[in-house]
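Reader: I have the sequence and the coordinates open next to each other now. Could you walk me through them while I ask as I go?

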Amino acid sequence: MFSSFLIEILRSSIESIKANKLRSLLTTLGIVIGVTTVIGVISIVSGLKKNVATSFSQLGANVLYVSKYPWVMGPLSREEWKKIHKRDIVGLKEAEALKEYGTSFEYVSPEIGRHMNMERAEKEAAEVDIKGVSEDYGRIINQDVSLGRFLSKDDIQYKRHICVLGQDVVNSLFPEENPIGNKVKIQGRQFNVIGMLEERGKMMGQSMDNVAMIPYTTMTAFTGRRKTINIAVYAEEGEEAEEEIRWILRGVRNLKPGEEDDFAINSSEALISQFNQLTKTIFLISIAIAAISLVVGGIGIMNIMLVSVSERTREIGVRKAIGAKSSEILGQFLMESVVICLVGGFLGIILGASLTKLISIMSNGNIPFHIPIWSIFLGFGFCFSIGVFFGFYPARKASKLNPVEALRYE
Amino acid sequence: MNELIKIKDVTKVYPLGETEVHALRGVDVAIKKGEFISIIGPSGSGKSTLMHIIGCLDTATSGSYFLRGKDVNKMDENQLADIRKEFIGFVFQDFYLLPDVPAWYNVSLPMIYNRVTPRERKEKAVKILENVGLGDRVNHLPNQLSGGERQRVAIARALANEPEIIIADEPTGNLDSVRGEEILKILSDLYEKGKTIIIVSHEKYVAEQGKRKIYLKDGRVEGKG
């Protein structure tokens, strides 16, 4: 009946912890803080990662964005920054060149963005992200219409005053009507609504549906042709496409051999890898903090176990006198230290989860509440190891006590 | 082979700082199964040391000790623990009960190491407590019991694994004479039932209980009777 002995020492460990509630709680504080950190950081980072991954994928896989500024910049000196700032704009000239000469990519569309208000009768949609794009844009970012139709080639060519509205805009301007065929106003100009975009949800807490798309040829009426823009390119073969884009742009921009590129080709992968780099750093720092507090917690455990062994010397003597083997005494005290650590781990997991929940609520759901199961196992695993490692010395000391001396101990 | 305990020329030397203490200087003791023995002597006579050696809590420096025909000097720590668990029950002057657990749990303690199931442990502990007249004190904590009751709990604990030998070290030392008598009565009842009883004491009336007496002085047997 060895298992009955295990249950017995488990039971007596819990009793002895209950008998010293405050002391056990204080002892376990280091462990609690350590595990809270581990669980909190893992949960927040993994939640963030999940969110960011879905957000970035909305930018579109296989989509390259050509622009004046790179999305991902390392630490730059003032000079380098100035140089980038002084670059010539990336504009429609480049977009049209890519459209005309490109062979290794499927779709190209300029993306001229500006935030403007839209009106209809008494209603207004404020700060709508109005994008001047081509007929290919929907396919590039993989967004279809849920009603009506998207822009067509003719719409672009004839600079039609038409628009496709995002869900939020429809909600503001047409709360109870079908928007298709109705008219809206952007800065005094009238646009016909021809379609409604599929809902996109949020990215980094920003609604992706407060948007309207109009032909880029019409958009230049608001912005002029000399505005720096993004050029969205859909390419199945990213590397090949990137190479071709470089050569076309270098040609259009008259760069001489040896001159640096004065434009950037961005992809969502680059963003993701930048983000991963960042989370990795946060992760490592937090793990280091957690490790320190776990070790400090472990030393606390060892300390309190040594106190406990010396307080219970008489008890150890009695147990030995009635037939306990050294290994059984060792097991008893080891169990106690492991149980204390696991209780600390349990509290830490609860606390870490609550903290994550709190942060999730405070961030309006931008950081989703997501606790990976493996992090809980990791937390308990840490606690168990610390309990065994730091409990071993005191437990061994207890087990080696001479019964006669232990009984005489005052 | 009818001798349960056979001790020959046993010595025990403790280091004490730079000198040595000779607690036992060649002791011979033979005890038969079912005997009631008193070991008597003033403090410092070595009677506690002898008791520890008989009880397998300690080992002799030299000499031989056979328990039930087995050489105790050749046993390792685990084997000694097994002997204590199966054949010996201790009763101490200061009771040595665990303070935070009820009487029945104290009694059941030796059975834990004998791998008795929890249910059986409790049943048996309650039964033994009833036998020593504490049937209504089963769930009391030690500090809710009188000294005499505590010592009866301790005796019940010593009986838990049904040992052949009960060793009582000054069992009445912390009790008034009435309670002391009660304890001695329980011990002599156990003797009547066939247990081997060894009482260690310096008090005369306690020692008188023994059917046979061993007098110790300065680590030697001074007389028998």
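Reader: Which way do E3(B) and E8 of chain B pair, and over how many bridges?
Author: This is a predicted model, and in it E3(B) and strand E8, residues 196-201 of chain B, pair in the parallel sense over 5 bridges. Within that pairing B:Ile39 stands opposite B:Val200, and B:Ile40 stands opposite B:Ser201.

Reader: And how many bridges join E3(B) to E9 of chain B?
Author: There are 4 bridges between E3(B) and strand E9, residues 212-217 of chain B, and these two strands run parallel. Here B:Ile39 has B:Ile214 of E9(B) opposite it.

Reader: What is the strand order of the sheet they belong to?
Author: The order is E6-E7-E8-E3-E9-E10 in chain B, an open sheet of 6 strands with mixed pairing. Strand E6 (88-91) and strand E10 (220-224) of chain B stand at the edges with a single partner strand each, so one side of each is left without a neighbour in the sheet. On average, neighbouring strands of this sheet are turned by 20 degrees against each other, direction ignored.

Reader: Which helix packs on it?
Author: Helix H6 of chain B, residues 177-192, packs on the sheet and touches E3, E7 (165-169) and E8 of chain B, with a direction that makes about 150 degrees with that of E8(B).

Reader: Switching to the interface, how many residues of chain A are in contact with chain B?
Author: On the chain A side 19 residues are in contact with 20 residues of chain B. The elements of chain A that give two or more residues to this side are helix H1 (2-19), helix H12 (313-321), helix H13 (326-362) and helix H15 (403-408). H1(A) provides the largest share, 6 residues. By kind, the residues on the chain A side divide into 10 nonpolar, 3 polar and 6 charged.

Reader: You listed H12(A) there; which of its residues are buried?
Author: The buried ones are A:Glu315, A:Ile316, A:Gly317, A:Val318, A:Arg319, A:Lys320 and A:Ala321. With 7 of the 9 residues of H12(A) buried, the helix is largely enclosed by the rest of the structure.

Reader: What covers those residues?
Author: The cover includes H13, helix H14 (373-399) and H15 of chain A, together with helix H2 (77-87) and E6 of chain B. Just after H12(A) comes A:Gly323, which takes a positive phi of about 115 degrees.

Reader: Which residue of chain A has a positive phi although it is not a glycine?
Author: One such residue is A:Ala121, with a phi of about 50 degrees, and its place is in the loop between strand E2 (107-120) and strand E3 (123-133) of chain A. Most residues other than glycine have a negative phi. A:Ala121 has 10 C-beta neighbours inside 10 Å and therefore counts as exposed.

Reader: Where does B:Arg68 lie?
Author: B:Arg68 lies in the loop between strand E4 (62-67) and strand E5 (70-71) of chain B, and although it is not a glycine, B:Arg68 has a positive phi of about 50 degrees. With 15 C-beta neighbours inside 10 Å, B:Arg68 counts as partly exposed.

Reader: Last topic, the overall form of chain A: what is its radius of gyration?
Author: Chain A has 33 Å, whereas a compact globule of 410 residues would have a radius of gyration near 22 Å. Along its principal axes the C-alpha trace of chain A spans about 105 × 60 × 40 Å, and 39% of the 410 residues of the chain count as buried.

Reader: How far apart are the C-alpha centres of its domains 1 and 2?
Author: Those centres lie 55 Å apart in chain A. The domain assignment gives domain 1 as 2-55 + 273-408 and domain 2 as 88-262.

Notes: Residues numbered from 1 in each chain as written. Chains lettered and ligands numbered in written order. Predicted model: local features only at pLDDT ≥ 70, side-chain atom pairs only at ≥ 80, totals over all residues. Pairing = 2+ DSSP bridges. Contact = placed C-beta atoms within 7 Å. Nonpolar A, V, L, I, M, F, W, Y, C, P; charged D, E, K, R; others polar. Axes fitted to C-alpha atoms, helices over the stretch in contact; angles between N-to-C directions. Domains from an automatic or database assignment. Rg over C-alpha atoms; globule rule 2.2 N^0.38 Å. Buried ≥ 20, exposed ≤ 12 C-beta atoms within 10 Å, placed from the backbone.
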